[in-house]
Amino acid sequence: MIKKSIVAFILLISVFSCKKQKSVISDNKSEKDTISKIKEKENSFIPIDTVCSSKNKTEDYIVALQWYQQKTEKEITQNSPEQNDKLYEDYIKIREKYTACLSESLSKVLEEYVNYYDSESNSYKFPENIKKLSAELKKGGLEFTEVGEGYTEIWSVPDHYFSIFKNKVTPDYNAYIGQLAKESEGLYQADAGIVIPWNELGERTIFWENFIKKYPQSSLIPKVKEIYNNYLYDYLFGMDNTPTFERADGKLYDENRQEFNRIIKKYPNSNVARKSREIINLFDANLPEAEIYKRINIERK
């Protein structure tokens with residue numbers, strides 16, 4: 001009798017264990033099926049076209065920007081630095097297209113943005129819809145940026161690209177993206193005038209000159225030369241509302257003469273220093289303005 005009871009007990013345990021094992025297998029299968037469905041859903045997502053359409057909403061563009069960022073960050077980990085150089089260029093193009101579409105769809109907001117400035121408090125007072133829109137743009141790494149003369153544009157936040165590609169690209173691209181991030185932290189010019197201090201402009205110009213010397217074979221050289229020439233031209237001559245010389249008598253302003261001498265002393269063998277010496281001598285020789293521009297001869301775009 002006792003033996004029969006023991007046998008029955010063992011059989012009961014075996015049945016229970018079998019059912020439990022089947023339940024675990026079933027649960028695991030269900031979990032795997034769920035993960036598979038989620039991945040399938042992620043892979044099947046297709047972002048909106050980069051061709052602008054009035055049918056698209058702000059959130060559609062933001063979701064597309066987020067999707068491409070996630071896709072890019074995943075690809076970066078699998079690529080070589082050289083492949084990531086190309087990925088960076090492609091990523092910029094995609095973001096620029098989406099940003100252009102957003103700017104088009106939010107043109108009215110951009111036009112009215114400057115009106116939210118309160119002169120009495122010297123600050124902006126935004127309505128709730130603009131605050132929400134600004135928060136939405138942040139999700140896509142974008143922000144409203146005043147560019148002067150009452151205009152507002154949508155730009156990528158300064159460190160967006162560097163935060164993604166830092167130390168994942170070749171050295172020349174790493175230096176290039178990092179410097180652009182620094183230079184994007186504030187406006188360079190507004191209302192036909194240079195906003196940053198002259199010495200900062202001098203240092204930027206030197207940076208790009210050194211970049212050209214350090215990476216002469218870089219595919220970035222055409223872009224960098226354009227940046228460098230534009231900076232050098234502005235450094236020497238200024239802009240309409242911030243010239244380096246008095247147009248009435250053709251005399252260099254003292255602060256610019258001092259800055260030229262600073263750069264000459266600090267970087268005596270640089271081209272920036274050579275051009276600075278040259279422009280000092282040309283203005284001191286009282287040559288006509290047009291002749292000075294001709295002799296300095298800097299191509300800019």
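A residue is called buried when its relative accessible area is under 20%, exposed when it is over 50%, and partly exposed in between. Keep that in mind as you work through this predicted model.

**Exercise 1. Decide whether Tyr215 and Phe211 are buried or exposed.**

Step 1: Tyr215 has a relative accessible area of 18%. The cut-off for buried is under 20%, so Tyr215 counts as buried.

Step 2: For Phe211 the value is 3%, and Phe211 is buried too.

**Exercise 2. Find how many aromatic pairs the structure holds, and work out how the rings of Phe211 and Tyr215 are arranged.**

Step 1: There are 25 aromatic pairs in the structure.

Step 2: In the pair of Phe211 and Tyr215, the ring centres lie 4.9 Å apart. Ring centres within 6.5 Å make a pair.

Step 3: The two planes meet at 55 degrees, so this pair is tilted. Planes under 30 degrees apart would count as stacked, and over 60 as edge-to-face.

Step 4: Elsewhere, look for one aromatic cluster formed by Tyr113, Tyr116, Tyr117, Tyr124, Phe126 and Phe144.

**Exercise 3. Locate the disulfide and say which parts of the chain it ties together.**

Step 1: The count is one disulfide. Cys52 and Cys101 form it, with sulfur atoms 2.1 Å apart.

Step 2: The angle about the S-S bond is -90 degrees, and the link of Cys52 and Cys101 is left-handed.

Step 3: Cys52 sits in the loop between helix 1 (2–44) and helix 2 (58–76), while Cys101 belongs to helix 3 (residues 81–105), so the pair ties together parts 49 residues apart in sequence.

Step 4: Cys52 is partly exposed at 32% relative accessibility, whereas Cys101 is buried at 2%.

Key. Residues numbered from 1 in each chain as written. Predicted model: local features only at pLDDT ≥ 70, side-chain atom pairs only at ≥ 80, totals over all residues. Heavy atoms only, no water. Phe/Tyr/Trp six-rings, centres within 6.5 Å; stacked < 30°, edge-to-face > 60°. Buried < 20%, exposed > 50% of the residue type's maximum accessible area, 1.4 Å probe, protein only. Disulfide = S-S within 2.5 Å. Helix = DSSP H or I, 4+ residues; strand = E, 2+ residues; numbered from the N terminus.
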